Amino acid sequence: MDTLTLPRPDDWHLHLRDGALMQAVAPQAAAAFARAIIMPNLKPPVTTVAEAAAYRQRIFAALPEGSSFEPLMTLYLTDNTPPAEVERAVASGLVHAVKLYPAGATTHSDAGVTDLLLCYDTLAAMEDHGLPLLIHGERTDPGLDIFEREAAFIDDVLLPLLDRHPRLRVVLEHVSTAAGAELVTGDDPRLAGTFTPQHLLYSRNDLLVGGLSPHRYCMPVLKRESDREALLAAATSGHPRVFLGTDSAPHPRSAKESGCCAAGCYSSPVALALYAEAFEAAGALERLADFAGRNGPAFYGLPINGETVTLERAAQEVPSAYPGGEEPVVPLRAGGTLGWRVRQP
Ligand code: NCD
Ligand code: ZN
């Protein structure tokens, strides 16, 4: 197979940031994807519908003239998010999900939830309206090994949450372990999972062996090779509730190439080609269209995009960096090559 045509894909997990960095990266996301679920972890976080609406306008202002990119906004859940905010979110038509960051789990998560029991009424309102909860699934207890965070979250937090809220719809974001892959490919219709290019292509060896690769450092941290294999099997399984979420999370180069490297991989311009590479390695290229273009809209109750894109087999060099506003941003596969590229109309 040397070409592959799919519905124009959507990105169900994207960080667009704000200000000059957003001006630089939003056009790249809009060139690659029709719609994206926009993460709310700005500083300060997007916790209200009014803030989400204002952020959405800033995103539109950063897009090229004539872009049809649609930002699907989310709210950042805090210990104090009132149920009334869920009502406003649903009424707005602009907010498509609420994001749970356990406090301290990742970049800009200090305003996150300390105890989900504090959110009981708000989660109950989300159940009533079918508004999905998007989960950064890591426990952050100081004594817990960082490689065990996701599995511990599933057992200690996620499964009890699903018991307490039997109608809650949940997306486990950026699944990073075999345990997570097994959970989201089960038969629970409330549960879906997003998969990033880095977790499908790289393991912790790629992060750590032969020197530390800061541009592959993200949360949840890359796991062992057996986890990567399980993730790739899940993403390419044809399961209806697994879909594309890049977690493209740009940071200025100096924040990545630093004594304390910021977590997040920038991937918008290269993501689709990286997914094609991963799916091809699994012998499952024909399943990429569902993963990238159909399963996400089905879960979110949105139409499949009418337009298509065609990927063609052709070597493409990845720049060593892209302009990022004040500083360059370094993408996944910087300075390397991709075997697929999107055919330009
Ligand atoms: C993300 C970011 O930089 O905002 N970082 C990351 O490592 N993935 C936050 C997140 O999704 O965890
Ligand atoms: Zn993210």
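Reply: A polar contact is here a pair of N or O atoms within 3.5 Å; within protein, one must be able to donate a hydrogen and the other to accept it, and residues adjacent in sequence count only if both atoms are side-chain atoms. An oxygen atom of ligand 1 lies 3.0 Å from a polar backbone atom of Ala263, and the protein covers 100% of the 310 Å² of accessible area that ligand 1 has on its own (Shrake-Rupley method, 1.4 Å probe). The model is predicted, with local features needing pLDDT of at least 70 and side-chain atom pairs pLDDT 80 or more, while totals for chains, interfaces and linings use all residues. Side-chain values use heavy atoms, without hydrogens and water, residues are numbered from 1 along each chain as its sequence is written, and chains are lettered from A and ligands numbered from 1 in the order in which they are written.

Two further contacts to ligand 1 involve oxygen atoms of the ligand: a backbone N or O atom of Met219 lies 2.7 Å from one, and a polar side-chain atom of His251 lies 2.9 Å from one. Of the 15 residues around ligand 1 (a heavy atom within 4 Å), Arg17, Asn41, Thr106, Met219 and Asp247 come nearest.
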